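Take a look at the structure below.

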Amino acid sequence: MKFRILATAAALAIIGASAVVAADEPQVVRAQMMKKVGGAMGALSGIAKGEKPYDADVVKASLTTMSEVAKAFPDQFPAGSETGHDTEASPKIWEQMDDFKAKAAKFGADADAVLANLPADQAAVGTALGTIGPNCGGCHEVYRVKK
């Protein structure tokens, strides 16, 4: 009985350790970061479309998420992380890293600018998305592989 419990505990520890290692891999971190930006963009879009009520806390949190991710995102592309974990990262990222970093910096700067003048109503959130949104599409068109 004790052996069975120990064997089960050991197996769970190995599975848990594998999950921790995978969670630290750049491809996994990148995907998590993009999900955060997608969630933030969805929250702002819902407000802009009138599907959700204006909420200054949600707007501020969404813009803060975008700003933070934009600043940290380019660091998640070390050499050797071009493949694996169903990555959607285009090889062009590593070929044109300076441009990729510039696009991320512009995204962060635009999010910071909007955050500094926090949109005060639904219409202003829509205007803010007009500033921030093209950053996403511009980067995805060049640096994302469609699966």
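**A cluster of rings**

Start with five residues: F73, F77, W94, F100 and Y143 are linked into a cluster by ring pairs. This is a predicted model. The structure holds 5 aromatic pairs.

Take F77 and W94 to begin with. Their rings sit edge-to-face, with centres 5.6 Å apart and 65 degrees between the planes. Where do these two residues lie? F77 is in the loop between helix 3 (56-72) and helix 4 (92-95), while W94 is in helix 4, so the pair ties together parts that are 17 residues apart in sequence. F77 and W94 are both buried.

F77 has another partner, F100. This pair is edge-to-face too, at 4.9 Å centre to centre and 75 degrees between the planes. F100 belongs to helix 5 (residues 97-116) and F77 to the loop between helix 3 and helix 4, so their pair ties together parts that are 23 residues apart in sequence.

Why does F77 count as buried? The cut-off is under 20% relative accessible area. F77 has 5%, so F77 is buried. F100 has 2% relative accessibility, so F100 counts as buried as well.

Now step back to the whole chain. The protein chain has 6 helices and 0 strands. From the N terminus on, its elements run α-α-α-α-α-α. The chain has 147 residues, and 33% of them count as buried.

Next come the contacts. Among those in the protein chain with a separation of 6 or more, 75% come from residues 24 or more positions apart.

Conventions:
Residues are numbered from 1 along each chain as its sequence is written. This is a predicted model: local features need pLDDT of at least 70, side-chain atom pairs count only at pLDDT 80 or more; totals for chains, interfaces and linings use all residues. Side-chain values use heavy atoms; hydrogens and water are left out. Helices (H or I, at least four residues) and strands (E, at least two) are DSSP runs, numbered from the N terminus. Buried means under 20% relative accessible area, exposed over 50%, partly exposed in between (1.4 Å probe, protein chains only). Contact means heavy atoms within 4.5 Å. Rings of Phe, Tyr and Trp (its six-membered ring) pair if their centres lie within 6.5 Å; planes under 30 degrees apart count as stacked, over 60 as edge-to-face and the rest as tilted.
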